[in-house]
Structures are given as structure tokens and as C-alpha cells.
There are 2 protein chains.
Amino acid sequence: MPPLRYLPAPMSDALSPLDVVFRPTSVAVIGASRDRGSIGRELLQNLLAFDFQGPVYPINRNASSIHGIRCHRSVLDVPDPVDLAVLVVPRDAVLEAVGECARKGVKALVVITAGFKEVGGEGLALEAELARLVRESGMRMVGPNCMGIVNTDPEVRLDASFAATLPLPGNVAFASQSGALGEAILATARQLGLGLSQFVSLGNKTDISGNDLLEHWAEDPRTQVVLLYLESFGNPRNFARNARRITRAGKPVLAVKAGRTGPGARAASSHTGSLAGLDAAASSLLGQCGVIRADKVEELFSMAMAFATQPIPRGSRIAILTNAGGPGIMATDALVTYGLDVAELLPATREAMAAVLPPEASTANPVDMIASADAPKYRACTEALLADPGVDALIVVFVSPVVIDSRTVAAAVLDGVVAGRARGGEGKPILSCFMGRAHGAEAEQRLREGGIPVYAFPEAAAQALAAMARFRRWIDRPEGVAPELDVDREAAARILSGAAGGGQEWLDSGEAQALLEAYGIPVVPSRLVSSPEEAVAFAEEHGYPVVLKVEAEGLLHKSDVGGVQVDLRNPREIKGAFWDIAHGFGARGVPYRHRVQRMVRGGREVIMGIASDPTFGHLLAFGLGGVYVELMKDVVFRLLPITDQDAREMVREIRGFPLLSGLRGEPPVDVSLLEDVLLRLSRLVEDFPQIAEMDLNPFMAHPEAGVSAAVDARVRVAPAPPGPPAT
Amino acid sequence: MPPLRYLPAPMSDALSPLDVVFRPTSVAVIGASRDRGSIGRELLQNLLAFDFQGPVYPINRNASSIHGIRCHRSVLDVPDPVDLAVLVVPRDAVLEAVGECARKGVKALVVITAGFKEVGGEGLALEAELARLVRESGMRMVGPNCMGIVNTDPEVRLDASFAATLPLPGNVAFASQSGALGEAILATARQLGLGLSQFVSLGNKTDISGNDLLEHWAEDPRTQVVLLYLESFGNPRNFARNARRITRAGKPVLAVKAGRTGPGARAASSHTGSLAGLDAAASSLLGQCGVIRADKVEELFSMAMAFATQPIPRGSRIAILTNAGGPGIMATDALVTYGLDVAELLPATREAMAAVLPPEASTANPVDMIASADAPKYRACTEALLADPGVDALIVVFVSPVVIDSRTVAAAVLDGVVAGRARGGEGKPILSCFMGRAHGAEAEQRLREGGIPVYAFPEAAAQALAAMARFRRWIDRPEGVAPELDVDREAAARILSGAAGGGQEWLDSGEAQALLEAYGIPVVPSRLVSSPEEAVAFAEEHGYPVVLKVEAEGLLHKSDVGGVQVDLRNPREIKGAFWDIAHGFGARGVPYRHRVQRMVRGGREVIMGIASDPTFGHLLAFGLGGVYVELMKDVVFRLLPITDQDAREMVREIRGFPLLSGLRGEPPVDVSLLEDVLLRLSRLVEDFPQIAEMDLNPFMAHPEAGVSAAVDARVRVAPAPPGPPAT
């Protein structure tokens, strides 16, 4: 049968800078040991057991041979060149050993030893010194505080880890930021039959980071899928650039990002800031570079099994083939839950299946062949479903009845796949679910060897297909551009430097309004006034009705404290509003001013805003406004800068979008204006990163062109501009 | 160590009516076979292999012995009494065999044979005849179309199934509506070390249903946990009564309900009807009787492992003990995701741990002992955490480093559990997550034998604890009552019979208003008018401003078509509104009438309503009103009737509840009035089940007492009252 592997466009085979780590021709184990249960022994044993294709040199001050191999007292004593040194010496011996490696001309290090940055105190200084030594010598380093690396390439066969599980070779690369999890990862992969190309336990990422690995795996021809277990991102911009490049080229990257819900809340003094939870920035980053996020490590694996063996489907129309009703219902439930479609089958497909099935069978999708389905029926229906042009992917379910041999069914499914692929089924993923009894393990093995992933229950298969369909949308998505915008950068700079000069953190409302106008963001006209007469004059000029609002230092929710008087239709009502404010809000005894503003009628309240994250930089928010935003959390985020495609997607991603696009025959609001404002906000913050927080809340989105505008704007400037770390 | 089993109040040990099925003293296998791969052979083999404690009689027309056991041609030929007969004969031989069983005096049947109701056609008639035979004979029957039953009681040892897996004895009962899934269930349970008390494949439920089993297991002293895989409910009222009884007594019931998202949408002509998705009724039913719903079979098992071995925690404050940072973060993420709390530890607890841990360890929760944690440290910290009064439950994570033997850690954890339980830790569940390497399996085995469930990753443990915390809330929840309400039942009956007499399906708005008023549900005053002058007269009587609305046959969304004119402040505005309607809505050419209503200012729009489901009967809905209800789906449902406790919970369960309870210093609306209206709606539909649909939309919830009222009410009466099936 033809290979079922997914092969993207061939990658360049130029030498990667990390090949010094992954493709050494000789390895020294500094701290190799003969003590049972020691890391130095386990690591040496793994190197030998995995059959490393070059010489291995144990280094130990006190032994002359280990496992029958001649042992040296120092790497400097090795008579031949050493490419890679793995260090398992005590912490206080690391620096000396690294110095010797540098003198020896070692090209790369894997430092297993712990006790550096992660323990604080003295460890911090030691790690800084280690980093300096490595940088100056030109060596590359994985770790410290890691469990090692693996490269299953048959030309190399490097297992420089102390894991108990030897890896299976395959096309999946895995980087784990948690060494502890590495063990579980290797064991689970082996148990699922998931083959790895390379594995790296990142440790403290003192030199080699996840970003370096993304660059490396983008070019590695043996790596078709990249899995990441992350706890932090290093430089998010580099991550985004590398991840976007690799995913857009068609190599899927799947990640578990831990620390989603940790405590350590961000201090936030704006709506947008408080809405941007701890996890919003990480989720935005992953989504914006096409990385598929899994909530759990188990999900990461079940998705990886599909990505590693199956083509990316063209769409989301799924067929289900089963010999039992219950699992068919479970699979259908799961499809719908994960946002996939139950494929509508062609009459010809149903007839082809009806020809081989008993009358009690159901040829509508999910296709229930009933318990009497034997191997020939599985073969014929698999073929027919794959050949149906309305089917993008297939889930085959088999619950083994007593009288049917699951091994023959497995073989028949594989035959059906070949036949169906030849009849237009190319490019369609096939996932199987074997809820078997006798010979179940053998049948599973046969399917796996035939390149078909096997799941224990249908839900995991549906979830994997949903991830693949999402990846298809990502590959097919237009790139988008950051369009040219007409902005007055000088005016904005003047406003911001004026505020900074006065030591202000929050711009006053006049400054905020002017800043937005400089960047072409519409604002509802308003004016600071000191008497009812000035307010009436404003109303006569701009038209009734108007709104009267108080402005006071640090006042966020004006309307909660009687600080907003709306729908003032004539001079008398304006005076009445002054009276109400004086006797309501005024009684608080805090200094305040009056602002009068034209009242906007109709339209929908939305919120747009900026938050900043110490790690990720600026986040742009868009959501439905009003009190609902906080309760319903109907807000989406993007890291800046954004493209026009991002702006289009942001507006459409909120659940409340039908309110903007015209619910029940209402006129739609000016959606393109909203997209334009998002792009202008992005540009504003790109130009002036000292803007730390901003709320346009509410921004009235109006059906009529030229009416939508911000009603209230708050802008905070940071004393020092926030930004991502340099590394 | 003391037993870790959860032992609820002892149940009565009176003979259950289903003991004739589960506790036979002799079994006949009618259709027993010697053919390899036949169900008749597998079934007989299981009975023998599981060591049934009485005689087994193979019945086969054509064999004189099977497996060395004397074979009879008919059950009538068996010289001794037969309690239970298992039928595996071809379909067309079933009725004769059942007749012979009746004559023989057999007490119970398990009919494995398929081809009845589930295949339609002739099968329907055969099943009806089978049902009649069984009923008339007084025998009880499981099936037909099932895979058998199991009772692991050592006094019985009955495996009357054709599953490939022999079950482990234990305290978990399982009923599966899918026979196909039964195989997977038994295999998975065995693999996880989950012991079963009884297992039933329900098949077509012609006699014995899930409801019968709930009654039976409520009284079965060997059953501590009940698991269900359901595709339908039979009689939902019986299910609710039985499930509520068993769960309130402290026996947890966990269920997977399949068919959540199937097609087959309900025809709905009201808001409430369209909001009540296919799954809302099933979810409401399960929630209202304390059944914990799992989305997947895998989750069912991982929850069951905790319920089967651990006490129900007193609260939701969880401590995490780990020797590695990554899994600690994963566990914390999962806790927060599932709505549990990260326990705050007492200083004394932290000091006790600090005394045995190195300075690099973290004694704040999650407690990270770091990789050097050995058995004594696990023991001491387990004890300290269990003894902390601020900890309700504990998750112990162990990632096995090279130098630590996981078996000694497992033993130490068990010792720590004993010590901690003795120091105030009674009643606290302990779950473990072993991400082990060498000896991992042995360590897991040791923990399981010690009564501690073991998970592969921390998320599943957190999910299980969340289910236990939910069950705790259910047990502690006040029952609630259906309070006496002052209603005018006769007036309501007159209105409904008047409408029915006229052949109306939808009540007109006057009738709807009168119906609500008869049941003490406030309605904003309104009147049908035929001229602006009549409208003005209404306004002078009830006060300005008023609203003018059209009424037309089948018109649902009035305001979408210009049929609602609001905020009319004087006679001239009323006339203008008549003009607008005449030239807007009136241009459609459909007959309509005018209704004038007092306009309600302030308050929040909510929706309350009734939908009816052919299976479940009436559903009561409560949610936030306005356009948001449809987009945000912020609606909760209950099956009727409800208690005051249900009403309290309904109002508080919506995400938007803060809008009602007083967001940002606003006055709260009259919440108790909303609860009262929900109770009155429940009573109304109990009294008049012919009410098929009802919308109070919007119902204005107002802060001031006596002002909240329904603005619009629509009531549909069904030609024939809907209701649950009789069986």
C-alpha cells in the first residue's frame, strides 16, 4: 500500500546550527558511573543500549573502566576528538568540566546537573558563569537541570538521557520544559507506538531554547510534527516568528502550555487589563502563530497520533463507520461537540454500501453495519466512504463481537483504505477506534503498522480530527497585511510627551481624545465646561440631546456613582443635571470637572482596548460593551501588531457578533470601521509603546457610516515602556 | 491500616425483587454450544471460568454433553429446579424456549438473542409477544439483545455474559444500554483495577430497566457506586425518583448520557422552546436528581476510581504534594479549571514540612518537595497535609527520579495516609498520580491495594475530586419544599377551556394575561384598543409613558417589524405611534390589533418560560432577557415540578446573576419575587399540563417591591396534553 505519511514540501537539508548537538560523531559522559541507580550509570547505559553510532567515552576521576569501556579521568585525556559532552558531575564540578570541554574543542554540551538558577541564591551566580563560559567558547548547550536529549536518526542513534524508556524512531519531535514530565512523555509515546525523531528536555534554557528548536525542526527532514510542553516562552516575538514560519510551511506544532490559571494576578486598573486574564496572552500568542493548543498532555498525544500519520483533511465533514450503535452515537456526539460536521453521503455511496450490508444496517452517516459486519463489509464500506467526495475524513469504529476476528477486520480496513484512496480518497485522514476483545492488541498493532492511528474511545479520535481541521483552516488562511494608515504621528508624540513632562500617568480626557483623533480614531464630540451656560452653548452647537459627565482623578466607573446624566434635551434639563451632580456626586467632596458630550442614539456598545503584559508586550482587546462584557466575558485578544486579517477575525470571533452584523433584520453596524479602528490602535501602540493601557469604553458602533465613535477613552502611559525581555 | 472504603448508612438487606436475576442457585444456558467462536460457547465458558456457585445446565437440541457437562435437549428435561435461564438460541426459537422456561418454573431470564424491537418489522411483533409471555408467567427478564449480566458476590459468582474479560469483584455497579460498549467497559474496569459488584447489559429493556436497577442497587449492600451508560431514560419521573433516593442516601450515581447532540431538532415556536436544546432536558434531569454526568466513558471511570475508594470530601480545598514542578503546575491548572480551590496551608503545616525538606523545596501549596524527596519525606508531608484542617483533599504526585525507589514511596504514602487520618484527616480523599519509571507498575499496584486510586496525569485526579466536591454539595443541599400558593384554579380552568373550546392553540394576549393573574403572576397593565382616543384614556388612567404594540396571528418578534412603539409621553405621541404602525407594519396587509401598555422604566429584562419535551414533560426556563439571551445562552432549565430550593438555585445559576443582585452598587432587583413566579409557573403547569409552551418575555425584574411584572406573555395549549410515556 502507498505510504500514509504526511509529507509537506521538502525542507532544505543545509546543516542546522543545532546539528552539533543532535548529530555528534563521538560522545563523552562526564561523571559516568558504575553505581546502580545513579544518573551517570543510567545515562551511559542508554547511550550504549540505543546503539550510538560512534565512540562513547566515560569520564570519571576514580574509575579506569565502566561497562568494560576504558574510562578517562578528564575529557582532556581522551585521545580522539569529542563532539558532544554530557555532564552528570556534581554541581560544583560543572564549571571546571565545561572549561576542560572548551579546551578539548568539544562542540556541544548537555548539562544534566541541577542546582543552578532554579534553586536561586548561589545557583544564580553559577548559572551566569556557566552561560558566560559557554558563550565565550562558542559551544552550544542544552540544560542545565535537564534529563537529556534523543535523536533516533538511524545514522546517529543518540539517547543521551537517563530516561527508563528507550524511544521508538518516528517523525515527531518533542521539547519539554519540565524534565520530570520527560520521563512520562517518553513512556507514553512508546506505549502508544508514537515514534520520535528528536526529544529534548530543555532544563533552564540557558543557551538552547524552545525557539532555537523550532528553527531547527523547521528544517529537519525527519521531523514532521512538533510537540511542546511549555511553562514559559522566552522571547515571545521570536517564538511567534519561528512558530508561524514552521506552521505556515505545513508542519503542525502542538503545545501544552502549563501555568494557565496560576495565582499571581496582574494589577490592572483598566477594563481591558482586568479582562486580559493570565492566560489570554499565551492563548493569543499560540493562536496567532498557528500552534494547536492541547489542554492536557494526554490530548497532545492523541492529536499527535493523527498528525504523525495522516494527511491534513480538506474540510470538516466526517464519516463514521461502525458495527455498533452506542459507539456510533458517542462518535457523533463528539463530532458535533468539537465543531465538526457529520458528512452527508451521496446516494451512490449509500447504494454501494447497501449492496453488501443486511437490510437492518443503516447506510446514513453514522453508518451502522450492525454486529454481523465482517471483514469484507468493512473493506467495502471503508472504500465507499473514502471515495465519497462529500467526505473529508473517516472514523472507523470496531467493537469486536465474538464471531468476528478483529485481525481480519484490521487487514480489511487497511485494504479498504488503499482502494478508497485510489478512488479519490487521497488526502483524507482515517482514524480508528478498536473497542476490541480477543486479538484486540494484535488488530491494533496491525492497524498502527499500516499507518492508521487507533483510539480506545471515539471521542479522542474526534478531538484529533478537530485539531486537524483547525490546522487546515490555518494553512488556508490569507496572511493579511498591515495596511498603510493616515496618522499624525507628530501630534500624538506632542500629546504624549506633554503628559510625560507633567509626570501624568493617565492622560486627561482632552488629551486622550486628541491622541485618538491624531490616529484617525473617531471620538464623539465633547467639551470640558464650567457652567450650565457653557454646556448649553455646546449643545446648541452640536445638537441635543447631550450627556453631562464628571471627571475626577482615578474615577473609573462614573455611572456607578451618579456621575453621568444622560438624555438632556433642553437648557433646563442641562441645569437640572448640574444640580443633580452637585447634590449627588458633588457631596463626595472630591474635586471634579464637568464634561458635556453629544449623546449617541442607536448602535451597539463595544469595547476596544489595550493591555500590556510584562512578558508578551501589548494585547489588543475587542468585545461587546456594557455590563455584559464583564459577566459574559465575550472578548477576544490579539498580541500586537495585527494585520487586517486579524482585525477581520477579531470582530467576527465574539459570540455577540450577530448583534453587530444585524440580528433579526436590524441594520448591521459599520463593521469595517471597527476593523479600521483596531488596526489604528495597533499602529498607535507600535509607534508609542509607552502606552501601557487604554480603554475605548464604550465605543458606539453605529449602522450609519461616519457616526460610530468612542464615547469615553482612557489612556495610561507607563513611566518606562513595557516590552518583552531581550533574550 | 483502617479501611479506606466509603461506607454510607447501612441499607436494608431485605430481599430485592431482582435477586431472582442476580442470585440464582442454578443456571441453564439454552443454546449452549461447543462451537468455537460462538456466543453459546463463550457464555457457558464464562459461567464455568468465573466459578458459579451452583449447577450449570447446558441446553442444546443436538448435543449430549458440552465441556464434559451433561447436556439436555430442553430446559424441561433438567431433573432439578432452574432459577435463571440464559437464552442464546436463534431469534425464532426464543418464544418456545421462554414458554418452556415458564412451564419449568424458571424465575428469571437473560435473553442475549437479538433481532427484536431494534430491527423493526417482524421484530416488533415478536418483542411484544415476548413481553406478554414474560409478564404473564411472572418471570423477570434482562434483554433481549444484550450481552448478559454479572454478579461478583463470592456467594454467587455469576458471569452470565459473553464478554472476553472476567470482572474483578468490587463495590461498583454498572448498567450499560449499549451492549457493544459492555465489552469495553468490562475490559477497561479490569485494566484500571476497578472492581464491580454487578454488571448489566440492558439491551431492549423490555422488562428490567435502568430504573429497576437503581431501585435494586439502592438496597444492595455490596454496591457503593452506580455507573450508567444511557441512551434514553424510559420513564423520566421514575428515574428521577429512584436516582434522587439513592443519591440523597449518599450512594453516588455517575452517568454518561449519549445522544447529546444528535440531529432531530425539536420543532419550537417559542423562545423557551428554541433555547431548550436537545440536551437541556437530559442535563436538567440528571442534575436535579444528583447524578454526576461525565462527558466520556473515560471520565466516568476516572471519577469512579475515586468514588469507589475514597470518602466524599467536606469541601473543595485541595492540597497538592509533588516532587516535580511541572506536574505541580499541571495539577494546579486543573484544580482551578474544575472550580476547586488551592488550599491555604497553616503555618504549622508548612513548618512541619520544612523541618524534613531541603531549603530549595516549596512548602506553599502546591508543595514541591523537589526531586530529592524520598520515602520518609513523602510520609511526613502526606501526614502533615492530611492533618491540616484547611485541607479537604490531597493529590500526591510522584515522578520517579532514578535514585528513588517508587515502591518505597508508595508504601510511605500509605503510611502517611494512616498517620494523617489519625490526626484529623478522616474523611479526606487522597488521590495519587504516579508518573513513574522503573517499578512504576509495582508502586501503582501497591497504592491501589492500599485503597488509593492512581492516575497517569494530574488532570484526571482533579476532575474526579471536582465530581466528589459536587456530590458533597448535593448531599448537603437542603431538600426544599413546594410551598402553598394562593392561586385561582377555577379561573384558570375557565380561561383554558374557553380557548380550547374555540379551537385556539395560542391564547390571545388578554387570555394569557388573565391566566397569569389567576396564578398570582404579575403582568404590566395593558388593554386592547381600537383608536388613539382609547389608548389615551388608558394612559390617563395608568399614567404615561405608554407603549403601543400590534398583535397579529403568529407574530413572534413584534419589534423586528416595527410593531412596537415605545416611550409615548402624551396624546400627540400616541397618535403619532398609531400613524407609524399604520404606515409601517400596517403596510404588510396582515390583520392586526393594537394593545396599549404602561411602559416600565428601569429594572432588568429576564425571560421565564415553559417548553415541553415528548419524553421528559415540561421544562421551566429562566435567563437574562433581551437579545443577549439567544447569543450568550445564559439560561438554566429545570424539569417540573420544582421546589423553592430549585427556584433559588435557578435564579443564582445564570452567569448574569450579578446584574440582578446589584452590580457596582446598583440596587438589587426583587429576586424573591422572581423565585415566587418560577414556583407559580411550576404549579400552573402541574395543574394544567395541557399548557405546552409559554414565554414571559420580557419579564421586567425591578428593584422596587410590587413593580416587577411580565411585559409580554405567550401561551400555547396543546391539543392533547404532552407527558412522559407510561412505562
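**Figure 1. Pairing of R527(A) with V596(A) in the predicted model.** In this predicted model, R527(A) has V596(A), a residue of β24(A), as its bridge partner. The two strands concerned, β21(A) and β24(A) (residues 593-598), run antiparallel to each other and are joined over four bridges.

**Figure 2. The open four-stranded sheet of chain A that contains β21(A) and β24(A).** The strands are arranged in the order β21-β24-β22-β23, and their pairing is antiparallel. The edge positions are taken by β21 (526-529) and β23 (564-568) of chain A; each has a single partner strand, and therefore one side of each lacks a neighbour in the sheet. From one strand to the next, the twist averages 20°.

Figure 3. Helix α14 of chain A comprises residues 406-425. A straight helix of 20 residues would span 28 Å at 1.5 Å a residue, whereas the end C-alpha atoms of α14(A) are separated by only 24 Å. The buried residues of α14(A) include R407(A) and R421(A), together with the glycines G416(A), G420(A) and G425(A). Also buried in α14(A) are S406(A), V409(A), A410(A), A412(A), V413(A), L414(A) and V417(A). Among the elements that cover these buried residues are the helices α13 (375-387) and α15 (440-449) and the strands β18 (393-399) and β19 (430-435), all of chain A. Just after the helix, G427(A) adopts a positive phi of about 80°.

**Figure 4. Helix α20(B) and its buried face.** Helix α20 of chain B covers residues 571-583. Its 13 residues should span 18 Å at 1.5 Å a residue, and the 19 Å between its end C-alpha atoms agrees with this expectation. I574(B), A577(B) and I581(B) are the buried residues of α20(B). Viewed down the axis of α20(B), these buried residues lie within an arc of 55° and so line one face of the helix. They pack against α19 (532-542), β22 (546-551) and β23 (564-568) of chain B. R572(B), A582(B) and H583(B), on the other side of α20(B), are exposed.

**Figure 5. The contact between chain A and chain B.** Chain A contributes 55 residues to the contact and chain B contributes 54 residues. On the side of chain A that touches chain B, at least two residues each come from α2 (39-49), α5 (179-192), α10 (297-309), α11 (325-337), α21 (628-632) and α23 (657-661). The largest share, nine residues, is supplied by α11(A). Of the interface residues of chain A, 98% are also interface residues in chain B, so the copies meet through the same surface.

**Figure 6. The rotation axis relating the two chains, with M632(A).** Chain A is superposed on chain B by a rotation of 180° with 0.1 Å of shift along the axis, at an RMSD of 0.1 Å. The two copies are therefore related as by a two-fold rotation axis. M632(A) is the residue of chain A that comes closest to this axis, with its C-alpha atom at 3.6 Å.

Figure 7. Chain A has 24 helices and 30 strands. Along the principal axes, its C-alpha atoms fill a box of roughly 100 × 80 × 40 Å. Of the 727 residues in chain A, 53% are buried. Among contacts in chain A with a separation of 6 or more, 74% join residues 24 or more positions apart.

Key
Residues numbered from 1 in each chain as written. Chains lettered and ligands numbered in written order. Predicted model: local features only at pLDDT ≥ 70, side-chain atom pairs only at ≥ 80, totals over all residues. Expected span 1.5 Å × (residues − 1). Buried ≥ 20, exposed ≤ 12 C-beta atoms within 10 Å, placed from the backbone. Arc of directions from axis to C-beta. Contact = placed C-beta atoms within 7 Å. Least-squares fit on C-alpha atoms with pLDDT ≥ 70 in both. Pairing = 2+ DSSP bridges. Axes fitted to C-alpha atoms, helices over the stretch in contact; angles between N-to-C directions.
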